[in-house]
Amino acid sequence: MTIRLYNTLTRQKDALTPLNPERVTMYVCGPTVYSRAHIGNARPAVVFDVLRRLLRHEYGADHVVYARNITDIDDRIIAESAATGMPIDAITARTEQWYLDDMGALGVEPPDIAPHATTSIPAMIAMIGTLIGRGHAYAAEGHVLFDVPSFAGYGRLSRRPMDEMIAGARVEVAPYKRNPGDFVLWKPSTAAQPGWDSPWGRGRPGWHIECSAMIAESLGTTIDIHGGGQDLQFPHHENELAQSACAHDGAPLAQIWMHNGFLNMGTAEKMSKSLGNIQTIPELQAAGWHGEVLRLALLSAHYRKPLEWTTTLLEQSKQALDKWYGLLRGAHPDAWVADGFRSALSDDLNTPEAIFELNKYSSRGQLGYLQGSARMLGLLRLEPQEWFKWAPQSAANDCLDETRINAAIADRTAARAAKNWAESDRIRDELAAAGIILEDGPGGTTWRRA
Ligand SMILES: [Zn+2]
């Protein structure tokens, strides 16, 4: 099945034709690790996790290489360290772990390669040296700058006129710059700032060169897919494209450039009170939303469109999952990925259409298709009984735990055997008041959280 993806570079859906189908390569710009991610940051992680699952299904699990970098040197990290007194490496290690935990809660699998900026400095220095040698960059006052007019293709990706790009980049006017749009590849560090020795003095890399160098180092000169949020189109990806083409004799950095839209968190008035300022994934989970609910909600709109983030959306997503898990309880079907579902995802990752297909399988009772297809979206990963027993961590601590519930069920079973219906009803009502619903079936009594 041909996968077609909307390519920002060509402004159309292009057929994906991997340079090497045995090694399909994808790179997504990862987090700058200085503070905890909010739910909006999770959208690209989830979207490209789905694309990776589709690629693995179509090309084979061992034939896809997915890299997502960690930006662990950045002025915001330096500022966070200065403000809190916490060492830089402690901030970056803690924040990276938060990111992995939070994305893991949404069913996002870690990438195959996670290059870190601080361990790829030699590759960046080498690429900067090449750019200077080829006349595309110049050193001035401890800085190295990319010479924008030296690359005729500049602006091809974001398709903006040069004056607009210069204004959009909010460039610093600096006496050492030849042209106002020139951007920093290397900048000097003070003794108090982290820095590395280089031919241009002790300093640190600019953000854009990081990805160009790490892509070349971890995946190769030209990759199949490059992704990120739409805010990265300019200047970040425009600059990556220019640097890589100039360092590699014009070879393109990526065949297909993909950009996801934003979450619309709405204004305070528009937001329902219960969602309020809850923005991090642990906060949303503590408020009662399972990671799969958040994941389904994030996939409910097409990735290129904005997504209205509301309580209603989360409630609808939970209802859909409750229904699907309810159908699968005790069913254990053989899981298959349905063709209709595959073609929806292969059409520029049309997740709303793919979810429509899941609802179709659910209403037709095609449980094998439902299970297999949903798993490719990273949904229905739990055993149904696990799903219905899930409670947020904080709530689980104050309410009945599993041992006490099972003990109460055993008491009730004994009361029923003794035909003590009053006692049996009392136990049922007491559990119901604590949010535990009992369901009597041929195999005995099971329970779920309301
Ligand atoms: Zn990047």
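**Close-up views of a predicted model**

**View 1. Cys29 is buried, at a relative accessible area of 13%.** Buried stands for under 20% relative accessible area, exposed for over 50% and partly exposed for the range in between, with a 1.4 Å probe and protein chains only. Cys211 is also in the buried class, with 1% relative accessibility. Across the whole structure, the search for disulfides (pairs of cysteine sulfur atoms within 2.5 Å) returns zero. The model is predicted, so local features need pLDDT of at least 70 and side-chain atom pairs pLDDT 80 or more, while totals for chains, interfaces and linings use all residues. Residue numbers start from 1 along each chain as its sequence is written, and side-chain values rest on heavy atoms, with hydrogens and water left out.

**View 2. Arg304 lies over the face of Tyr6.** The distance of Arg304 from the ring centre of Tyr6 is 3.9 Å. A charge counts as sitting over a ring when NZ of Lys or CZ of Arg is within 6 Å of the ring centre and within 35 degrees of the ring normal.

**View 3. The ring of Phe388 has the charged end of Arg329 over it.** Here the distance to the ring centre is 4.4 Å. As for pairs between rings, the structure contains four aromatic pairs (Phe, Tyr or Trp rings, the six-membered one for Trp, with centres within 6.5 Å; stacked with planes under 30 degrees apart, edge-to-face over 60, tilted for the rest).

**View 4. Helices α4 and α7 cross at roughly 70 degrees.** Helix α4 covers residues 121-133 and helix α7 residues 233-247, and their axes come within 9 Å. Met127, Thr130 and Leu131 of α4 make the contact with Gln243, Cys246 and Ala247 of α7, where contact means heavy atoms within 4.5 Å. Axes are lines fitted to C-alpha atoms, for helices over the stretch in contact, with angles from 0 to 180 degrees between N-to-C directions. Helices (H or I, at least four residues) and strands (E, at least two) are DSSP runs numbered from the N terminus.

**View 5. Asp101 belongs to helix α3, residues 88-105.** Asp101 is partly exposed, at 41% relative accessibility. Its C-alpha atom is separated by 9.5 Å from that of Ile281, 180 residues apart along the chain.

**View 6. The protein has 17 helices and 14 strands.** Its C-alpha trace spans about 90 × 55 × 40 Å along the principal axes. Of the 450 residues, 50% are buried.
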